[in-house]
Amino acid sequence: MMRKIRFLLALWLGKCARLALRALRRNATFFPGVVALKICPDFLGQVDKPENIIAVTGTNGKTTVSNLIADVLTDRGHRVLSNRLGSNVAAGIATTLLYGSSLFGKTRYETAVLEIDERSSKRIYPYLTPKWLVVTNLFRDSVMRNAHPEYIANFISQAIPRKTKLVLNADDLISSRIAPENDRVYFAVDRMETDVVECINLINDLQICPTCSGELQYDYRRYHHIGRAHCRDCDFKSPEAHYFATDVDTTDMTMTVTDKQGGRVVYPLLSDSVFNIYNVVTVAAAMREFGLTHEEISESLGKTKIVETRFNARQAGNVRVVMQMSKDKNALAGSRAFDYVSQLPGEKEIILMMNCLADQKNWSENTTWLYDCDFEFLAREGISRIVCTGPRAKDYYLRLLLAGVPEERLRCTLSELDAPELLEYRPGESVCLFYGTDALDLVYKVQAKIVECAEEAAAR
Ligand SMILES: [Zn+2]
């Protein structure tokens with residue numbers, strides 16, 4: 001009885017906190033859950049949950065994939081509870097579930113899509129059994145918090161309930177091996193023209209066979225440890241995919257997904273980056289498992305678009321202004337973004353402000369990620385100028401010199417708002433801003449300044 005009273009008290013006070021914050025026009029996606037968990041530590045266990053929970057985790061792409069899944073389900077007429085505007089740690093999940101409950105703790109939803117932070121696994125999964133867990137990939141990320149990807153993989157394996165069905169990336173031999181006893185399906189992307197055999201990236205986190213420690217031979221490799229591999233000394237190899245993306249056509253922006261049951265449907269591509277090719281096949285696999293048909297998924301995906309804060313391009317004056325989100329500390333995301341932007345057609349000028357921390361007093365991360373990230377891609381031909389800016393401007397500058405970028409292409413200023421003035425805005429080129437998410441207000445100011453400078457240059 002006491003337990004029930006404590007739970008209801010947590011629920012009501014959490015709901016009150018949410019209403020109060022909303023009335024003050026504050027973000028109410030984290031604190032109400034903190035209140036609920038403080039009063040009732042097993043709140044997540046006691047609160048009634050939707051029957052169909054799709055959890056999405058992984059180093060890269062989990063936000064985009066969860067948003068796309070929620071969009072597809074909503075488009076198909078499902079009422080979906082999600083944490084899309086909020087936090088993906090235990091307090092954020094508690095906030096989402098308390099919002100989705102009646103005053104007596106009964107859920108008002110049948111379906112939930114929850115993005116879950118990998119490191120929060122042990123604080124969430126013991127209380128909540130997802131019907132499906134989608135894992136996008138696991139890479140080295142924020143080493144001070146996450147250590148090594150194998151460590152994170154073990155973390156998830158130990159926490160995830162045995163009943164949960166896994167939707168895994170067959171091309172990632174780290175995340176595809178989690179929780180081996182659980183029922184599972186795999187997705188993968190067929191060999192692509194740009195694939196290689198030898199690793200050209202600095203990070204290569206899986207080099208030996210996880211079974212016998214023998215030499216791992218890659219049949220092809222997309223980047224880092226992503227690709228298909230087999231062991232030379234034992235029968236270990238990449239798993240076969242149940243959902244397989246083929247015929248990727250970045251001109252028509254389509255690809256085909258085939259599945260083991262013989263289904264074969266053309267899907268729209270939302271962007272031509274490899275990450276987004278994975279996002280589409282991941283959503284297709286998860287939604288087939290949920291019970292939608294390929295045709296339904298493809299049609300609904302066609303109506304969605306990538307959240308604009310990640311990548312967008314617009315014309316200003318005589319140049320194309322490209323906004324590319326690339327969080328600091330995540331070396332792999334940086335490598336992918338550098339590779340992608342360096343291969344855009346035409347000349348490029350670049351501003352690097354991945355660390356745009358408003359509050360430098362609380363700065364705690366070290367800079368090792370800069371030396372895991374392939375800044376070497378920015379030494380490619382076609383990049384005429386790079387401006388390093390923000391609190392880590394000098395660190396970028398040094399890293400770019402070490403990467404072989406000629407000094408005459410580099411500029412450096414600590415003040416972000418001065419950076420746009422150091423570019424040339426030559427007609428036809430692209431101006432690319434790489435930015436982090438810690439101070440988006442500042443990012444938008446810099447973007448506005450770039451547009452202003454580009455228009456001035458065009459008027460000259
Ligand atoms: Zn082996």
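Start by selecting the nine strands of the open sheet, whose order is S2-S3-S1-S4-S5-S6-S9-S10-S11, with mixed pairing. Strands here (E, at least two residues) and helices (H or I, at least four residues) are DSSP runs, numbered from the N terminus. Two strands pair if DSSP finds at least two bridges between them. The edges of the sheet are strand S2 (80-82) and strand S11 (264-268), each pairing on one side only. From one strand to the next the twist averages 20°.

Before going on, note that this is a predicted model, in which local features need pLDDT of at least 70 and side-chain atom pairs count only at pLDDT 80 or more, while totals for chains, interfaces and linings use all residues. Residues are numbered from 1 along each chain as its sequence is written.

**Inside the sheet**

Select strand S1 (residues 52-57) and strand S4 (residues 132-135). They run parallel and are joined by four bridges. One place to look is Thr-57, whose bridge partner in S4 is Val-135.

Contact means that the C-beta atoms of two residues, placed from the backbone, lie within 7 Å.

Move on to strand S5 (residues 165-169). S4 and S5 run parallel, with three bridges between them, and Leu-133 has Leu-166 as its bridge partner in S5. Strand S6 (residues 184-189) is also joined to S5, by four bridges and in parallel; here the partner of Asn-169 in S6 is Phe-187.

Is S5 mostly covered or mostly open? Four of its five residues are buried, so S5 is mostly covered. A residue is buried if 20 or more other C-beta atoms lie within 10 Å of its own, exposed if 12 or fewer, and partly exposed in between, with C-beta atoms placed from the backbone.

Select helix H9 (residues 274-290). From its first C-alpha to its last, this helix of 17 residues reaches 24 Å, close to the 24 Å expected at 1.5 Å a residue. The expected span is 1.5 Å times one less than the number of residues. Twelve of the 17 residues of H9 are buried, among them Ile-277, Tyr-278, Met-287 and Arg-288. Just after H9 comes Gly-291, with a positive phi of about 120°.

Next, pick Ser-300 in helix H10 (residues 294-302). Ser-300 counts as partly exposed because it has 19 C-beta neighbours inside 10 Å. Which residues does Ser-300 touch, not counting those up to four places away in sequence? They are Val-72, Asp-75 and Arg-76. Arg-76 is 224 residues from Ser-300 along the chain, yet their C-alpha atoms are separated by 7.3 Å.

**Two loop residues**

Go to His-224, in the loop between strand S7 (216-223) and strand S8 (226-231). Its phi is near 45°, a positive value in a residue other than glycine. His-224 is buried, since 24 other C-beta atoms lie within 10 Å.

Then select Lys-329, in the loop between strand S13 (319-325) and helix H11 (331-342). Lys-329 is not a glycine either, but has a positive phi of about 75°. With 23 C-beta neighbours inside 10 Å, Lys-329 counts as buried.

**Helix H12**

Select helix H12 (residues 393-402), where the buried residues are Ala-393, Tyr-396, Tyr-397, Arg-399 and Leu-400. What do they pack against? Their partners are strand S14 (348-353), strand S15 (383-389) and strand S16 (410-413). Gly-404 follows H12 and has a positive phi, near 95°.

**The whole chain**

Finally, colour the chain by domain: domain 1 is 2-302 and domain 2 is 311-459, with bounds from an automatic or database domain assignment. The domain centres, taken over C-alpha atoms, are 29 Å apart. Between them, 16 residues of domain 1 are in contact with 14 residues of domain 2.

Zoom out to see the protein chain with its 13 helices and 17 strands. Its C-alpha trace spans about 75 × 60 × 40 Å along the principal axes. Of its 460 residues, 46% count as buried.

How values were computed. Axes fitted to C-alpha atoms, helices over the stretch in contact; angles between N-to-C directions.
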